Amino acid sequence: MSEQQTQSEQQGRARRRGEQGERHVVIVGAGMAGVQTAVALREQGFAGPVTVLGAEPHQPYDRPPLSKAVLLGKAEGSAFDIDFEALGIGLHLGREVTGVRPADHELDTAAGPVPYDVLVLATGAEPIRLPGAEGVPGVHLLRTLDDAARLRPVLAAQHDIVVVGAGWIGAEFATAAREAGCAVTVVEAAGRPLAGALPEEVAAPMAAWYADCGAVLRLHARVEHVEPGAVVLADGTRLPAGAVVVGIGARPATAWLAGSGIELGAHREVVADDHLRASAPDVYAVGDCASFPSGRYGERLLVHHWDNALQGPRTVAANIIGEEPAAYDPVPYFWSEQFGRFVQYAGHHTPDDELVWRGDPTGAAWSVCWLRDGALAAVLAVGRPRDLAQGRKLIEAGTHLDPTSAADPSVPLKKAAL
């Protein structure tokens with residue numbers, strides 16, 4: 001590229017930034033996706049006003065430590081190390097948004113309307129509540145800093161705890177509760193843990209992890225109702241419970257968008273395009289509250305994980321500034337620390353993909369690969385971070401693998417590439 005071309009591109013960027021400079025960007029949601037969008041705007045040169053509206057009163061914070069260090073009292077909080085004032089970002093906390101009128105470019109809040117030129121929806125997800133358990137003393141969720149604060153004395157008192165749901169959050173909380181010395185029973189309606197995330201043959205070996213940690217796992221156990229001090233199952237079993245923690249999933253926090261005309265999908269998520277634009281003009285959606293079309297996987301993805309909330313904001317910021325970024329099509333990634341094991345997953349699999357084992361699932365370290373038409377589509381790694389790191393790059397490159405080599409845990413995954 002010539003010096004003249006470089007200067008021309010720089011001048012073009014500067015012109016676009018100048019044109020965008022006076023536009024007011026309002027971000028609804030002060031979690032990872034919302035905060036990172038604000039930071040990315042400044043990092044990419046946006047000079048106009050940026051406002052972040054957060055429903056919670058707390059300084060914006062990271063959520064993963066809530067089920068670990070914060071819950072166990074090893075950390076008081078997990079606030080982001082960001083100087084919002086220095087960045088010129090207006091931060092308004094305890095400000096719940098109740099509606100949006102796209103035609104007027106205005107948000108509705110209890111404190112009055114908030115006008116915007118560009119709107120970013122980053123409201124995340126909210127936990128699904130157990131029907132009939134609302135208002136029952138001793139029933140908890142674990143999604144916010146306040147939730148963790150309410151649960152800390154429960155763990156400190158070493159109550160008998162019943163966890164409803166053997167998903168990611170249920171397993172992580174059970175791990176922390178056992179570390180705190182609590183007796184823990186986990187009840188799961190399905191026949192295996194992580195039933196909504198992994199196929200039976202992969203998830204079934206994980207059931208033994210609960211016993212290894214001293215927790216009781218009851219499968220095919222449906223909750224009939226919760227009463228003070230107990231959980232009653234559909235078969236009549238009554239489980240004593242000093243506290244009940246519900247971890248049965250989450251859904252996009254989009255109820256406030258009802259009547260706005262902004263398109264929502266099958267899971268009530270904001271339907272975004274491949275540049276994370278919502279259906280209304282000048283509106284973007286990012287993080288847990290939005291789905292996007294994946295060219296890599298040929299379907300629309302709704303990703304409720306930290307890495308998506310970190311990566312998506314860069315695309316949103318570039319679009320707002322006018323940099324014409326590439327389509328947003330990441331390799332989804334997440335991790336979970338449970339029962340002394342580090343579990344990582346990258347990619348996206350379907351029931352039709354070919355399953356390839358790497359190692360013995362009854363052992364301390366093993367992996368699973370999913371191949372789609374010979375190409376690596378996803379990898380799950382338990383105690384094998386190198387498999388995950390190599391697998392993620394192979395997925396990004398669309399690399400085909402030799403199934404025989406991939407099944408040999410002594411062979412580095414990248415060496416199985418064809």
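## Strand S26 and its partners

Strand S23 (residues 341-347) pairs with S26 in the antiparallel sense over five bridges; strands are DSSP runs of E with at least two residues, helices are runs of H or I with at least four, and both are numbered from the N terminus. Two strands count as paired if DSSP finds at least two bridges between them. Within this pairing, Gln344 has Ala381 in S26 as its bridge partner.

The model is predicted, so local features need pLDDT of at least 70 and side-chain atom pairs count only at pLDDT 80 or more, while totals for chains, interfaces and linings use all residues. Residues are numbered from 1 along each chain as its sequence is written, and side-chain values use heavy atoms, with hydrogens and water left out.

## The hairpin of S25 and S26

Strand S25 (residues 366-372) also runs antiparallel to S26, joined to it by seven bridges. Arg372 stands opposite Ala375 in S26. The two strands form a hairpin with two residues between them, and Asp373 in the turn has a positive phi of about 55°.

Strand S26 (residues 375-382) is mostly covered, with eight of its eight residues buried. Here buried means under 20% relative accessible area, exposed over 50%, and partly exposed in between, with a 1.4 Å probe and protein chains only.

## Helix H8

Helix H8 (residues 385-397) has 13 residues and reaches 19 Å from its first C-alpha to its last, close to the 18 Å expected; the expected span is 1.5 Å times one less than the number of residues. Just after H8, Gly398 takes a positive phi of about 65°.

The buried residues of H8 include Leu388, Leu394 and Ile395. Strands S23, S25 and S26 are among those against which the buried residues of H8 pack, where contact means heavy atoms within 4.5 Å.
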